[in-house]
Each structure stands twice: as structure tokens, then as C-alpha cells.
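The structure is shown first, and the description follows.

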Amino acid sequence: LFCDRRAEDIQLEVGDDRTQTVLRTLLGLTPPVQSSAVFTVLDEAFSDSPDPATSTSILSRLVNKLEFDIAIFILSWHERNKHELPSYDYSAVIEACARTNMWTKALQLFNVVSQSHVQVDEFSFDAAMKTCKKVGELQLARAMQPGRATTNLVTFNATIS
């Protein structure tokens, strides 16, 4: 299950030893990475909820390495364990997926987040709207309700028109 080829080249600049170990272990999982493998790594590393700064550091490095599946599994692990994360952690993954043309993942994550207890912020909403426009899903964009998000109405109107 463990493969060092992705973990070897990482230059860690984040967190403490535990954070670095978790990140190396996650990046060392053999592709395609399964959610169960990510959950196991996180369960073993964190007997309690990791502090938000640790989660943000790990998610940030994964997004920078374009490891969106692992980042999404981490968000799922937090949801499963009822950990509170700041909305910008979700937004960062949604925006990064949208920026790198992983539109399906961006929209799926936006949909999951918008139906959960997490407050969708304007950045996530704007990224999802722009993604809909890029892939020609204007009907989906029109169906999105900005009610739970703090949106920029100018962006909303420009995106769907």
C-alpha cells in the first residue's frame, strides 16, 4: 500500500513532526488512493480532532501538489467525525479543482458542502458558478441558490447571463 515516489520529492514547510509524518504518509499511498486508506492514516495520527491550523496546513500542501482526491477524502473524514473546519478549507479545495479544470470534482464538493452544516462562502460559490459556465452547465448555474452563501450578486448575474 505504501509507495515512496510521491513522498520523496516533497519539501515540507508545514507544521510539526506529526503533521509532516501524516503528509508524507498520505503522499506515499499507492495510487489510486482509496478513502479507507486516507481515513486509516488520519485515524491513527489523530486520536482527537486535529487543530484547524494542522488541517489547513495539510490541505494546503495537498492542493499545491494537485492531490485533490486525498484532500477531498480528508474533508470527508472531518465530516464523518463531526469536526468543525473553517469554510476556507473547503473553498480552497473547490477553487483549486475549478482552476485546474477538475470541474466535476469542484461541483461535487460544492454540492456536498452546500448541503452540509458548513457555511458556503462567496469564493466557493463564485468558483462553482464559474465552473458551471466553463462546462456549459448554465441550467445548473441558474438552479444554484445563493441563499446560504454570501455572494457577489454582480458575479452571480454576470456568470449566469
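## Backbone features in two loops

Leu66 is found in the loop between H3 and H4; helices here are DSSP runs (H or I, at least four residues), as strands are (E, at least two), and both are numbered from the N terminus. Although Leu66 is not a glycine, its phi is positive, at about 60°. In the loop between helix H1 (17–27) and H2 lies Pro32. Pro32 is joined to Pro31 by a cis peptide bond, with omega of about -10°.

The model is a predicted one, in which local features need pLDDT of at least 70 and side-chain atom pairs count only at pLDDT 80 or more, whereas totals for chains, interfaces and linings use all residues. Residues are numbered from 1 along each chain as its sequence is written, and side-chain values use heavy atoms, with hydrogens and water left out.

## Packing of H2 against H4

Helix H2 (residues 35–45) packs on H4 at an angle of about 60°, with the axes 9 Å apart; axes are lines fitted to C-alpha atoms, for helices over the stretch in contact, and angles run from 0 to 180 degrees between N-to-C directions. H2 and H4 are therefore oblique to each other, since angles under 35 degrees count as roughly parallel, over 145 as roughly antiparallel, 65 to 115 as roughly perpendicular and the rest as oblique. Their crossing is right-handed; the near helix is then turned clockwise from the far one by less than a right angle, and anticlockwise in a left-handed crossing.

On the H2 side, Ser35, Val38, Phe39, Leu42 and Asp43 make the contact, and on the H4 side Ile70, Phe73, Ile74, Ser76, Trp77 and Arg80 do; contact means heavy atoms within 4.5 Å. By class, this contact of H2 with H4 has seven nonpolar, two polar and two charged residues. Ala, Val, Leu, Ile, Met, Phe, Trp, Tyr, Cys and Pro count as nonpolar, Asp, Glu, Lys and Arg as charged, and the others, Gly among them, as polar.

## Packing of H4 against H5

H4 also packs against helix H5 (residues 87–99), at an angle of about 155° and with the axes 11 Å apart. That angle makes H4 roughly antiparallel to H5. The crossing of the two helices is left-handed.

The contact is formed by Phe68, Ala71, Ile72, Leu75 and Glu79 of H4 together with Tyr90, Val93, Ala96 and Cys97 of H5. Eight nonpolar residues, no polar residues and one charged residue make up this contact of H4 with H5.

## Packing of H6 against H7

The axes of helix H6 (residues 103–114) and H7 come within 10 Å and cross at roughly 135°. That makes H6 oblique to H7, and their crossing is left-handed.

From H6, the residues Trp103, Ala106, Leu107 and Phe110 meet Ser124, Phe125, Ala128, Thr131, Cys132 and Lys134 in H7. The contact of H6 with H7 divides into seven nonpolar, two polar and one charged residues.

## The cavity

The structure holds one cavity of 30 Å³ or more. On a 1 Å grid over the protein atoms alone, a cavity is a set of points where a 1.4 Å probe fits but cannot get out, and a pocket is an open set with protein on both sides within 12 Å along at least five of seven lines; lining residues have an atom within 4 Å of a point. The largest cavity contains about 40 Å³ of space, where grid points are joined across faces, edges and corners and a volume is the space filled by probe spheres set on the points.

Leu42, Phe46, Pro50, Thr54, Ser55, Ile58, Leu59, Ile74 and His78 line the largest cavity. Helix H3 (52–64) and helix H4 (68–80) are the elements that give two or more residues to this lining, and the largest share, four residues, comes from H3. Six of the lining residues are nonpolar, three are polar and none is charged.

## The second largest pocket

About 170 Å³ of space lies in the second largest pocket. Its lining consists of Glu95, Ala98, Arg99, Phe123, Asp126, Ala127, Lys130, Thr131 and Lys134.

H5 and helix H7 (122–134) are the elements that give two or more residues to this lining. H7 gives the most, with six residues. By class, the lining of the second largest pocket has three nonpolar, one polar and five charged residues.
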